[in-house]
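Please take a moment to look over the sequence and the model below, and then follow the paragraphs that come after.

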Amino acid sequence: MAARELRRRCEHMSSSVLATRLGELTEARIVETGGEGYRLTPLGGRLLDALHPLEKWGLAWEKTLRE
């Protein structure tokens with residue numbers, strides 16, 4: 001994803017904070033840069049897969065709280 005698109009999607013985050021976070025994620029080998037911008041590394045993809053159950057739980061918890 002291009003840096004401009006990331007900035008648009010993170011509109012409430014300052015560009016300096018976004019740059020810092022991207023640097024940290026790159027250093028941690030979660031994302032990498034290429035000709036088309038930023039993308040998840042294979043390690044980042046596995047992290048995303050690992051977080052999906054937590055997201056599912058969080059959505060169920062939110063629904064429970066609203067009832």
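With which residue does R21 form a salt bridge? R21 forms a salt bridge with E24, and their closest N and O atoms are 3.3 Å apart, where a salt bridge is a side-chain nitrogen of Lys or Arg within 4 Å of a carboxyl oxygen of Asp or Glu. This is a predicted model, in which local features need pLDDT of at least 70 and side-chain atom pairs count only at pLDDT 80 or more, while totals for chains, interfaces and linings use all residues. Residues are numbered from 1 along each chain as its sequence is written, and side-chain values use heavy atoms, with hydrogens and water left out.

R21 and E24 are three residues apart in helix α2, and so are separated by about one helical turn; helices here are DSSP runs of H or I with at least four residues, strands are runs of E with at least two, and both are numbered from the N terminus. The structure holds five salt bridges. In helix α1 (residues 3-9), E5 and R8 lie three residues apart and their side chains meet in a salt bridge of 2.7 Å, N to O.

Most residues other than glycine have a negative phi.

Helix α3 (residues 42-66) contains both W57 and W61, four residues apart, about one turn of the helix. A search of the whole structure finds one aromatic pair, for which rings of Phe, Tyr and Trp (its six-membered ring) must have centres within 6.5 Å, with planes under 30 degrees apart counted as stacked, over 60 as edge-to-face and the rest as tilted. The rings of W57 and W61 have centres 5.4 Å apart and planes at 20°, so the pair is stacked. W57 counts as exposed, at 52% relative accessibility, whereas W61 is partly exposed, at 47%, given that buried means under 20% relative accessible area, exposed over 50% and partly exposed in between (1.4 Å probe, protein chains only).

Helix α3 also bends by about 30° at L51, with a proline, P53, following within four residues; the bend is the angle between axes fitted to the seven residues ending at a residue and the seven starting there.
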